[in-house]
Amino acid sequence: MRGIKILERVLGTIPIMFGVAIIVFFFIRLTPGDPVDIMMGQGGSISAGELENLREEFHLNEPLHIQLWYFLRDAAQGDLGYSYVLKQPVTALIGERLPATIELALGALIFSLLVAFPIGVISAVRQNSWLDRLSMSTAFLGISMPGFWLGIILILLFSVQLHWLPVQGRIKLGTGLEQHTGYFVLDSILTGNMEALKSSLLHLVLPSVTLGAPVAAVIARVLRSSMLETLRSDYVTLARSKGVAEWWVVIKHALRNAMIPTVTVVGLQVGILLGGNMVIETVFGWPGLGRMVVKAIFDRDFPLIQGAVMIYAFTFVMANLIVDVMYTYLNPRIRLG
Amino acid sequence: MARFNHRTIIALLLLMAFVFTACAPTAPAETAQPADEGPGASGTIVVAMGAAPVSLDPADHRSRESETVIRNMFDGLVTRDTSSGVHMQLAESMDWADEQTLNVKLREGVKFHDGTEMTADDVVFTFERIINENAIEYPEPHTSPRKGLIAPLESIEKTGDYSVTMHFRGPWPPAMQLLVHQQIVPKAYIEKVGTEGFIAKPIGTGPFKFVSAQPGLEEVVLERFADYYGGSPDLTPVGPACVNQVVFRVIPEASTRVSALLAGEADIITNVPQDLIPNLEANENVQVKTAGGTQPKWLELNVHMAPFDDVNVRKAMNYAVDKDLIIEKIFGGRAVALPGPLSPYNNFVNKSLSPYPYDPAMATDLLKQAGWEDTDGDGILDKNGQPFTFTIDTLEDWRPLAEAVADMYRAIGIDANVRFWEYSVIKDQLMAGERQGYLDDWGDSAFDPVGHFEAKWHGFVADTPYGRGNFSTYSNDRVNELIEQGETTGDPAARQAIYDEAQQIVYDEAPAVFLILPEEVEAASASISNWSPASDSRENMHDVCKAE
């Protein structure tokens with residue numbers, strides 16, 4: 001049953017993607033700015049009619065509904081067009097950038113979970129202790145600090161001053177890593193290249209911490225408040241009165257039930273981690289999707305923007321679906337709708 | 001009750017991973033290995049740039065970053081030194097048979113990176129690929145975006161194994177400066193592998209050969225070409241490159257670029273922001289160098305909108321700006337005041353013009369003549385009961401400059417403020433003449449008025465290059481006529497006279513506040529030698545050496 005429901009939900013993303021495609025198509029064209037004009041830049045001269053030829057090449061001289069028809073017809077066949085500026089198929093451009101973005105998002109997620117869970121649980125169990133106050137103040141700081149500032153401070157401290165970690169990029173030069181999947185950590189493991197593994201992990205640390213810090217703070221605060229709620233519930237009191245060991249009460253009875261709101265937040269944050277890391281990618285020179293999209297927006301590179309936004313939309317929908325599936329695991333009374 | 005099936009989650013995750021990676025490249029790529037050191041060569045130089053190249057195909061881009069990387073792999077018929085001098089490179093000599101016909105004798109024995117020899121066939125193929133419609137077939141047939149840079153070229157023919165003749169539609173005085181921007185590609189190789197194969201593994205005649213590139217050209221690794229013919233004989237040293245490997249890496253954030261240099265991860269960094277220069281200069285392991293810039297900054301005043309429809313007001317706006325103070329305080333001395341509508345480094349600048357001096361008394365006087373006085377004692381000039389309010393539109397990049405200028409206007413009683421835009425958003429409003437004043441620059445990397453003067457100071461004519469960047473809506477019949485004459489006059493002295501007159505008129509009519517020209521600032525590790533930044537922002541790594 002559950003498999004069929006999941007399949008239904010996956011198929012349900014098709015109309016969503018269709019809607020997203022149409023909205024993005026029109027919104028990006030409503031933004032002022034002519035892609036051809038921006039592409040030609042300033043220097044040099046432009047021959048008469050050259051701009052017109054380019055508009056014709058990109059179908060920009062056609063009415064909007066005809067442009068939309070071309071776009072939807074090609075998209076239905078898996079062809080998202082080719083980038084005006086980079087002159088390459090959009091699917092290929094997105095495909096080669098995504099692994100970097102996903103690897104960074106996973107790094108940030110792992111960091112935030114590793115930090116948030118102990119802090120959230122301990123703060124709840126030792127409510128109002130100095131540890132609780134300290135971790136919640138730190139969490140507040142984590143939410144408040146802008147990523148570009150935290151990133152630069154971390155670079156100055158750990159890279160420029162202490163020389164512990166690399167400043168930027170995904171891997172150092174000359175590790176000889178053979179790329180198969182585009183995920184450098186995975187590729188290093190698959191090819192048994194330990195030097196590349198070490199280098200790619202080290203390169204992941206600062207961007208993951210910077211990207212993960214606000215996420216960790218959000219998760220820790222949500223986990224703490226839902227833990228506080230469950231720790232005061234009757235079944236926890238009952239478990240304690242039965243003489244169950246305190247750590248078992250916390251882990252088995254309180255934490256598991258406090259997980260539902262936490263998983264919801266984590267799910268939403270995964271979407272944000274994948275879609276909202278343009279700033280971190282810029283600070284750390286991380287060659288991911290976010291930066292390419294920002295540049296595409298400034299260039300008014302319509303096909304590339306459309307393709308990338310569709311991928312982001314798909315990621316959000318999928319992250320939510322995974323959250324829904326996890327609910328049924330955490331609380332068997334919940335069923336997939 | 002059915003327990004949750006772990007396999008479902010795993011299946012979902014796999015599905016996502018599949019979707020995400022379905023379109024990823026399947027052929028194994030390899031990150032660069034340090035190359036074997038050739039005789040006389042050592043080391044790897046990492047150049048950190050602010051933006052990625054868009055293509056490694058010399059015919060398929062319009063970006064300075066692309067040209068920087070490309071011109072280390074590909075040579076052209078001619079090249080430029082670090083200022084504005086043009087020198088023979090793959091051409092041994094060039095002679096104008098008449099004003100429209102250029103005979104080119106090619107250097108013999110030049111090898112492409114695959115060992116084949118460069119001949120006239122390659123040169124003809126290169127230029128035909130640029131000027132012919134839809135000559136680039138990948139990913140869909142399209143015309144080279146560089147065609148406009150060589151628009152007057154009508155055809156090119158082979159006249160011998162090592163000679164070609166170029167036919168132009170009319171006289172084209174800036175030909176030499178603009179030929180610098182076209183690099184020669186191998187005909188046989190491109191015909192064999194296609195454009196798709198060529199951009200995956202480009203081959204040229206330049207001092208470095210392609211090794212590998214990361215997706216999006218975020219990192220491009222090049223290796224010394226041992227069989228390099230040596231480059232332009234005018235630009236010493238002649239011979240293969242000094243270093244073994246060059247890596248062009250993109251670090252978009254300026255402070256990260258600086259950090260990478262300080263941490264030893266980059267050897268040369270481009271586009272150093274003014275506020276970080278003191279930090280770098282204080283470090284003994286770093287050298288900071290500058291080159292004359294090519295992006296002059298103006299505040300264009302809408303000559304069809306009050307109060308700037310009065311030439312006295314426009315002149316007053318020029319006298320009211322203390323350019324020396326701006327250069328000293330904002331640019332740390334690394335800029336020059338513009339003497340008029342052309343950059344002082346342009347080959348045809350009018351040498352008799354000098355920057356409008358800072359003279360607030362003169363400005364106030366001129367404004368008074370135009371009827372602007374503070375009659376109500378509120379500190380703001382007024383005329384017919386209307387206060388002098390002025391919005392300077394600009395881009396975020398020029399914030400300190402625009403704010404300083406606005407402050408100087410407030411000092412003489414103009415209620416000036418600054419508003420920031422994205423260029424693509426404001427462009428249409430500027431062309432429609434809807435804005436009061438716009439502060440920005442316009443590139444002048446060919447050091448010739450063509451490509452620049454007609455865009456800024458010629459009246460707008462649709463579907464032509466004339467006035468395509470004219471945001472002051474200025475149009476003067478005599479200037480228009482001179483600009484058109486200058487484009488087709490071959491004799492340098494006559495051309496100079498034409499442009500001198502045009503500049504003088506524009507200077508006197510002041511459709512803009514001629515502000516400043518910032519220098520190109522770059523920094524390198526102290527271990528780098530023989531390095532100097534170029535005015536056209538190109539990073540030529542041929543001569544650069546690195547001490548280990």
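Predicted model: local features only at pLDDT ≥ 70, side-chain atom pairs only at ≥ 80, totals over all residues.
Leaving aside neighbours within four places in sequence, with which residues is B:His542 in contact?

View 1. B:His542 is in contact (C-beta atoms, placed from the backbone, within 7 Å) with B:Pro207, B:Gly231 and B:Ala241, leaving aside its neighbours within four places in sequence. The residue lies in the loop between strand E24 (528-529) and strand E25 (545-546) of chain B; strands are DSSP runs of E, at least two residues, and helices are runs of H or I, at least four, numbered from the N terminus. B:His542 has 26 other C-beta atoms within 10 Å and is therefore buried (20 or more; exposed is 12 or fewer, partly exposed in between).

**View 2. The four-stranded open sheet of chain B.** The strand order is E5-E6-E8-E7, with antiparallel pairing (at least two DSSP bridges between two strands). Strand E5 (91-98) and strand E7 (153-160) are the edges, each pairing on one side only. Neighbouring strands are turned by 20 degrees against each other on average, direction ignored (axes are lines fitted to C-alpha atoms, for helices over the stretch in contact; angles run from 0 to 180 degrees between N-to-C directions).

**View 3. E7(B) and strand E8 (residues 163-168) of chain B.** Six bridges join these antiparallel strands. B:Gly160 stands opposite B:Ser163 in E8(B).

Residues are numbered from 1 along each chain as its sequence is written, and chains are lettered from A and ligands numbered from 1 in the order in which they are written. Local features need pLDDT of at least 70 and side-chain atom pairs count only at pLDDT 80 or more, while totals for chains, interfaces and linings use all residues.

Note on methods. Contact = placed C-beta atoms within 7 Å.
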